[in-house]
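The sequence and structure come first.

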Amino acid sequence: MDKDSIIQVGGDVEKALKGQYVINPKQVLQEAWQKTSSTRWSINIGLLFVLLIGMACSLVVGEYLGGVESVMANPEATMILNIVVTLVIWPFLAGVEMMGVLHAVGVKTQPKLVFAFLKRGSWVALCAVMTSVLISLGLQLLIFPGIFLAVVLSLTIPLVLEKRLTPGKAIILSLKALRFQWFNIFVVYLFMVLALVAALLPLVIAQTELMMFIASVLFIFSLSYIAPCYYNAKGILYREIFGMKLHAVAAESSVGNDTFVA
């Protein structure tokens, strides 16, 4: 096969806009779990790096705004802190999102992928802020509009990166396409939330220091599977809804910006 040939994997944008795709929550979750055992370390290391960046950013900005206690007591300062942290971490977190997408099409990834999309970091950060604002407004108006928007806007970042759309176009496309299978997509995310709640439960009911220590260890261990499974599930959803164009030979080689084309 010609090394420059392109293959389409999964769905495509035109069909997605017409609702010509089917999401089976059980199949998505089963495939995501199967992929997690062999892909979780790259995602976990990537998430750890993003967490450290976020903590460092929070400390620096928090001190600049007058200290943590002052920020927590001031809604405006809290909002500023949240916006700054979002702008800083999302160009890196986007790499974790793309790990899930690449896993869904059979491409192995490495933690260094968190640095692979910094060239489009401004678009990613803007998209993250825009979607966060829309979801927050929806939650403030009524809870359901916020939940609806959280689901239909959940794949905007991969659209910005893989399809190379602007944040506005990615939001509109995601909104138009995901509404057709909203409930089934919601079920996938709901299951992941319930898994996280179940992992947190021992921490909530722990009454002694020993129990708290054991519960903390169990939570971290559980999270090391839940988080990668979540991103792999999102990747599978993206593959089934929007599809992905790959260089035929690239899937057998290392990942990076040249692994896929828009």
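## Terms and model

A residue counts as buried when its relative accessible area is under 20%, as exposed when that area is over 50%, and as partly exposed in between. The model discussed here is predicted.

By this scale glutamate 31 is partly exposed, because its relative accessible area is 21%. Arginine 239, at 11%, is buried.

## Salt bridges

Side chains of opposite charge can pair when their charged atoms come close. The whole structure contains 5 salt bridges. One of them joins glutamate 31 to arginine 239, with 2.7 Å between the closest N and O atoms. Glutamate 31 belongs to helix α2 (residues 25-64) and arginine 239 to helix α10 (residues 209-241), so this pair ties together parts 208 residues apart in sequence.

Glutamate 97 and lysine 234 form another salt bridge, their closest N and O atoms being 2.8 Å apart. Here the residues lie in helix α4 and helix α10, so parts 137 residues apart in sequence are tied together. Both glutamate 97 and lysine 234 are buried.

Lysine 163 and glutamate 162 also meet in a salt bridge, at 2.4 Å from N to O. Through shared partners, salt bridges link Glu31, Lys35, Arg239 and Glu240 into one network.

## Nonpolar core

The largest nonpolar core is made up of 69 residues, and those with the most contacts inside it include Val96, Leu155 and Phe242. Helix α4 (residues 75-104) contributes the most, with 14 residues.

Beyond its neighbours within four places in sequence, valine 96 is in contact with Ile43, Gly46, Leu47, Val50, Val114 and Tyr231.

How values were computed. Residues numbered from 1 in each chain as written. Predicted model: local features only at pLDDT ≥ 70, side-chain atom pairs only at ≥ 80, totals over all residues. Heavy atoms only, no water. Core = buried A, V, L, I, M, F, W, Y, C linked by side-chain atoms within 4.5 Å. Buried < 20%, exposed > 50% of the residue type's maximum accessible area, 1.4 Å probe, protein only. Helix = DSSP H or I, 4+ residues; strand = E, 2+ residues; numbered from the N terminus. Contact = heavy atoms within 4.5 Å. Salt bridge = Lys/Arg side-chain N within 4 Å of Asp/Glu carboxyl O.
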